[in-house]
Every structure is written in C-alpha cells, then in structure tokens.
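Please open the structure in a viewer and keep a selection tool at hand.

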Amino acid sequence: MKRARPLLGTYVEIEVAGLAEPALARAIDAAFGAIARVHRLMSFHDGESDVSRLNRYAASEPVIVDGWTAKVLEKARILFDASGGLFDCAVGHELMRSGRLPSQGLGHVESGSFAAVELLSDNRVRFSAPIAIDLGGIAKGFAVDRAIVTLRAHGVREALVNAGGDMRAMGKTARTIHIRCPGLDGRAVQAGLLRNAAIATSEAAATVMKQRARLPAPGSHHAYSVVAPTCLLADALTKVLVQTQDAHAGYFARFGAIAFVTSADIAEVRVA
Amino acid sequence: MKASQWIWLPAAVISTAAHATTYFSVEQVQRAIFPGASFSATSLPNAWRASNGGYVIVDRVVGKHEYITLAVGIHSNGTVKQIEIMDYKESYGYEVREAPWRAQFVGKSASSPLQLNGDITNISGATLSSRHVTDGVKRILQVYETSLKGKR
C-alpha cells in the first residue's frame, strides 16, 4: 500500500507491505500523524510552533519545548560540534534577510551560531544571544525517522518513507535509489541499492553557507547525497557535504554514513 | 554502516518522465477519508457529499514540473479532515512534446544488474515544493464555501 500527503512543505510518500490492508492503512495514518506533529512543532512559519516560540522568547527566558524538539536540538548540537560549526541551525537571520523566511515579530534577531543554544533540564531551552533557528535542515529527516518508528510500532516490517527525496527504508527489500541532479531536468542518475538505511540529497542553492565554507563553483550542477543509519543524520550531513565538497571527511564514517556527489556533467557524458 | 545497507550501482541515467504514481481512485479515496459513509453527487462534478454530512472534493493542481490530483475531505462543520494525494506525475515540457518518450532509460549500461523497467519511485534530490498543493487546497476550500456549504 502506498499513500502520499502534502506535509513538511513537500510530498511525503509512505509505502508499506506485509500486513492486511486495514492494518496497513491504520499504520500509515499513524505515521502521517507523527510527521504532521513534527511539522507543527518545528515549522518556522507557524507562530505557535516550538521553533517560533524559541525564536521569539528564548533569548530573554528559557522556553519549554516538546520532547521531540528537545531531541532534535540535542542532535543538532552534536552535529554542530562534530562538523566544526558547518552544520548550524542558527541560520534564521540569513534566511530572513534573503527573504526565504518570514521575519514577522523577529526584529531583534542578529546573525549568530548554534553555540548560543543552551539545552537545559526538563526540555527547557535558552539562547545566550539573539539568534533565530530554522530546523529545515534536520527536521525532515527526524520526521521520516519518527514515521518509521511509528510504522514499526504498528507491526509493519517492510516500509519506505520518502519526504520529498529524503527517505528511509525498513525491512529486507533492497530499493534502487536514483539521484535528481540540478541541471538534469527530467532525468535522474541511478546511484545504489538502499536497505534498512536512509538517504538524503541537497543542492548548493538550497543550503545556507556558514563560516569556513568552501563554496562550490557558480553554476555547478551537483547533488550532494548522504546515506546513513537514520534519516536525521542523512538530512543534516548533506548540509555539511554541500559546504565542504569533501565526501571523505572523517565525521561521515564516525556517524556510520557514506557521502557522495553526483555531477550533471558526468551524467551528460553518459547520456551522449 | 553495514555493507548490506548500501550497494553501489552503475551511474545510469533514467528519465523521470516515467515517474508517475496513482495512490487512489475516487471511490477508494472517499472510503479512506470517510470510512463506512455512503456518497451522493452534488451540483459540482468533482465533489461528493458523505452520508455523515462531510464532503470529498477532488481537484487537479499543476506545479512547475508535476501534475497532482488531490482529494480534500471536509467535516460537516467545514473544517478540513484529511488531504490525500490521488496521483502524482512528473513532466517536463520538452518530454511532453516528444511523445512517446524517446526512451524510458537513457544511457542505461548494458552491464546493469537490475531490471529498471518497473515504476521508478525512489528518487532522492532537492526537495520538491508542495506550495501548489497548498494553493490547490485553498482553492478547494473556497469552492466549498461558495458552492457547497450549508446545502443539502
């Protein structure tokens, strides 16, 4: 059974097998519910989300967030430290300035880094500087992981959850993965077989570059992919790969991940 | 990462024009949104009234490179119950003009170990925006407000 809903600003597709249809339908409903919950908690656009409340108030006083939000922030901190600051969710200021995110009610925000995020006890969070966070680089992966956990809790053992290209497979089935590459409209490049793991892909145009970033050549057509045990890791690590262009950096292996870059030029040659 | 979790394959290029998926027929989506209800026609050809007072409205939205049919379930009180995508098809202008598609799999290597002619669904890439779907849902809700709300 395969279903799709518009969530997280993209199309989320869930494919499941191995149980009777009503059980699969219930499992899919619950999994979409988990994704919708992540969406509600971590949307920058929704004024009532944890992220919005943090951005408005956490620089003045500790803000209590949902356990899921606290968990994502905890992982974001680990990735920020491991990547020497290249994975940085404190990009709200940059995204608002370029008009990619709304700045309503956030006039106090300045440029800064995730180092300002203090994770206190009991899911309380405080910012030591007037930053704004955007979890767009990690929440989608987390949502996919929560969907997989929910499906498993409903007895599903074979599943694929695909949130607009960030996906995680569960079960014995090996799934052929193709990479969509900028500059290759309407075509995709076969990359590998995925089983019981996750993959995510980013492009340079969609990533906010932080300090020390080695920028890709202008107009280059590359897709940056990471295979990892969880979709949160895959999603987040693509943002690091875009900036370093270095698929062999030590932190990928440390997180149990594989990084690779797909180039439209190579693919064009193959087409010819 | 275990070796079984990722196995490299030859970098063959495929056309995503074949990337089309159907999730629901109209009858299936009616049953999925309002299980156990029966449905009757309305003044609109793409809207149905459920026996519990709710509505299911189906519409098609066109994105930059995708065509999507979606169904919106609306409670009897006018709030949205559920949004389901019924089908999804990617299309690119030059390929539309060149029907039938030049080839489903451009540059597939002869040594490729896989049968690639199934439906291609597992595409990882920069996120496709679902803004068009969001706009489509708003349009559907306007149709509901003006043409269906409060009518029997």
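**First stop: a helix in chain B.** Select helix H1 of chain B together with its surroundings: the buried residues of this helix pack against strands E4 (39-41), E5 (47-50), E6 (55-62), E7 (66-74) and E8 (80-90) of chain B. Here packing rests on contact, which requires the C-beta atoms of two residues, placed from the backbone, to lie within 7 Å. Helices (H or I, at least four residues) and strands (E, at least two) are DSSP runs numbered from the N terminus.

This is a predicted model, in which local features need pLDDT of at least 70 and side-chain atom pairs count only at pLDDT 80 or more, while totals for chains, interfaces and linings use all residues. Residues are numbered from 1 along each chain as its sequence is written, and chains are lettered from A and ligands numbered from 1 in the order in which they are written.

Now display residues 26-33 of chain B, which form H1(B), and highlight Val29(B), Gln30(B) and Ile33(B), which are buried. A residue is buried if 20 or more other C-beta atoms lie within 10 Å of its own, exposed if 12 or fewer, and partly exposed in between, with C-beta atoms placed from the backbone. Looking down the axis of H1(B), one finds the buried residues within an arc of 105°, so they line one face of the helix; the arc is that of the directions from the helix axis to the C-beta atoms.

**Second stop: chain B as a whole.**

**Third stop: where the chains meet.** Select both chains; their contact takes 39 residues from chain B and 50 residues from chain A. On the side of chain B that touches chain A, two or more residues come from each of strands E1 (6-8), E2 (13-15), E8 and E9 (123-124) and helix H3 (131-148) of chain B. E8(B) gives the most to that side, with four residues.

Which strands make up the open sheet of seven strands in chain A? Their order is E1-E2-E6-E7-E10-E11-E12, with antiparallel pairing; two strands pair if DSSP finds at least two bridges between them. At the edges stand E1 (2-7) and E12 (258-263) of chain A, each with a single partner strand, so one side of each is left without a neighbour in the sheet.

Next, select residues 166-170 and 198-202 of chain A, the strands E7 and E10, which pair in the antiparallel sense over two bridges. The bridge partner of Arg168(A) in E10(A) is Ala198(A).

Select Ala234(A), Leu237(A) and Ala257(A), which touch the most other members among the 125 residues of the largest nonpolar core. Such a core is a set of buried Ala, Val, Leu, Ile, Met, Phe, Trp, Tyr and Cys residues joined through C-beta atoms within 7 Å. Helix H1 (residues 21-42) of chain A supplies the largest share of this core, 10 residues. Centre the view on Ala257(A): residues that it touches include Phe252(A) and Met1(B), not counting residues up to four places away in sequence.

**Last stop: the domains of chain A.** Colour domain 1 (45-133) and domain 2 (174-271) of chain A separately; domain bounds come from an automatic or database domain assignment. The C-alpha centres of these domains lie 25 Å apart.
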